[in-house]
Protein chains: 2
Amino acid sequence: MSTNPLLKGSLQTIILKLLEDNHQMYGYEITQKVKEVSEGEIMLTEGALYPALHKLEADGFLETFTQVVDNRVRKYYRLTEQGGKEVTSKMNEAQAFIEQLQTLLNLKPTTK
Amino acid sequence: MSTNPLLKGSLQTIILKLLEDNHQMYGYEITQKVKEVSEGEIMLTEGALYPALHKLEADGFLETFTQVVDNRVRKYYRLTEQGGKEVTSKMNEAQAFIEQLQTLLNLKPTTK
DNA sequence: TTATATACATAGTTTTCTTATGTATATAAA
DNA sequence: TTTATATACATAAGAAAACTATGTATATAA
């Protein structure tokens with residue numbers, strides 16, 4: 001099982017990337033998608049997800065609309081224009097982060 | 001410049017790995033080594049480093065001894081036996097973490 | 001004498017995540 | 001019928017990790 005600290009600061013990036021690839025998603029759907037893609041290893045709990053979504057919305061990266069399906073309310077999230085730019089930025093950051101970590105942990109052959 | 005959250009929870013792993021590769025190091029030396037290996041991108045600040053070292057020592061993964069060089073005290077850290085096992089465990093964790101992140105962010109070709 | 005480098009350390013604050021809890025509906029199982 | 005599980009949202013309390021700021025002290029270069 002993954003040592004939580006839920007992907008160590010990468011949650012926002014994961015959410016933004018999922019929304020870039022899927023155009024619109026609701027919270028519960030995101031938790032299931034993460035579970036599916038990670039083959040059950042990563043359980044995105046509500047206590048982590050919803051505050052993160054609310055923050056991204058407050059920061060202007062996401063916009064929302066609600067829809068009722070089977071008498072249950074779904075709150076859909078979509079990238080704003082600013083959010084679209086943010087995905088690119090965060091993805092570059094993530095790529096750089098992974099490379100730095102691999103270098104520091106000697107998980108990559110030295111380039112020189 | 002790297003968006004700090006200092007390698008997002010990987011600081012302990014980095015320290016342990018450096019100590020595995022170098023047998024013994026003192027705090028300041030670790031900051032310089034990280035700076036060097038990351039080509040100046042990662043500045044490990046004292047506020048992050050020293051508490052991390054103290055915690056690793058309290059957890060029984062590191063042992064210390066001091067030495068005076070040029071009238072300045074250096075506090076050297078070395079892996080304990082338990083620390084040696086911890087490095088292996090943390091490295092596996094880091095490898096899994098990187099793979100999960102790459103999968104979730106679509107930074108790797110799909111395996112199926 | 002002032003700034004920078006070396007070398008340690010802690011305090012206060014913020015961010016992020018965890019666990020726990022709460023509301024509510026639908027459906028499958030006992 | 002009642003209970004558990006799944007779907008769907010949300011917040012509150014607490015812990016962990018990192019940041020910024022500050023403090024002590026010596027050596028050296030400007």
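In this predicted model, the contact between the two chains (heavy atoms within 4.5 Å) takes 28 residues from chain A and 28 residues from chain B. Chain A and chain B bury about 2800 Å² between them, 72% of it on carbon and sulfur atoms; buried area is the accessible area (1.4 Å probe) that two parts lose on being put together, summed over both. More of the area that chain A buries against chain B comes from A:Lys8, A:Leu104 and A:Leu105 than from any other three residues, namely 25%.

Across this interface, 0 salt bridges are found (a side-chain nitrogen of Lys or Arg within 4 Å of a carboxyl oxygen of Asp or Glu). Helix 1 (11–22), helix 2 (27–37) and helix 4 (81–104) of chain A each supply at least two residues of the side that touches chain B, helices being DSSP runs of H or I with at least four residues, and strands runs of E with at least two, numbered from the N terminus. The largest share of that side, 11 residues, belongs to helix 4 of chain A.

Within chain B, strand 2 (residues 62–69) pairs with strand 3 in the antiparallel sense over 8 bridges, where pairing requires at least two bridges found by DSSP. B:Phe65 has B:Tyr76 in strand 3 as its bridge partner. These two strands form a hairpin with 2 residues between them, and B:Asp70 in the turn has a positive phi of about 55 degrees.

Residues are numbered from 1 along each chain as its sequence is written, and chains are lettered from A and ligands numbered from 1 in the order in which they are written. Local features need pLDDT of at least 70, side-chain atom pairs count only at pLDDT 80 or more, and totals for chains, interfaces and linings use all residues, while side-chain values use heavy atoms, with hydrogens and water left out.
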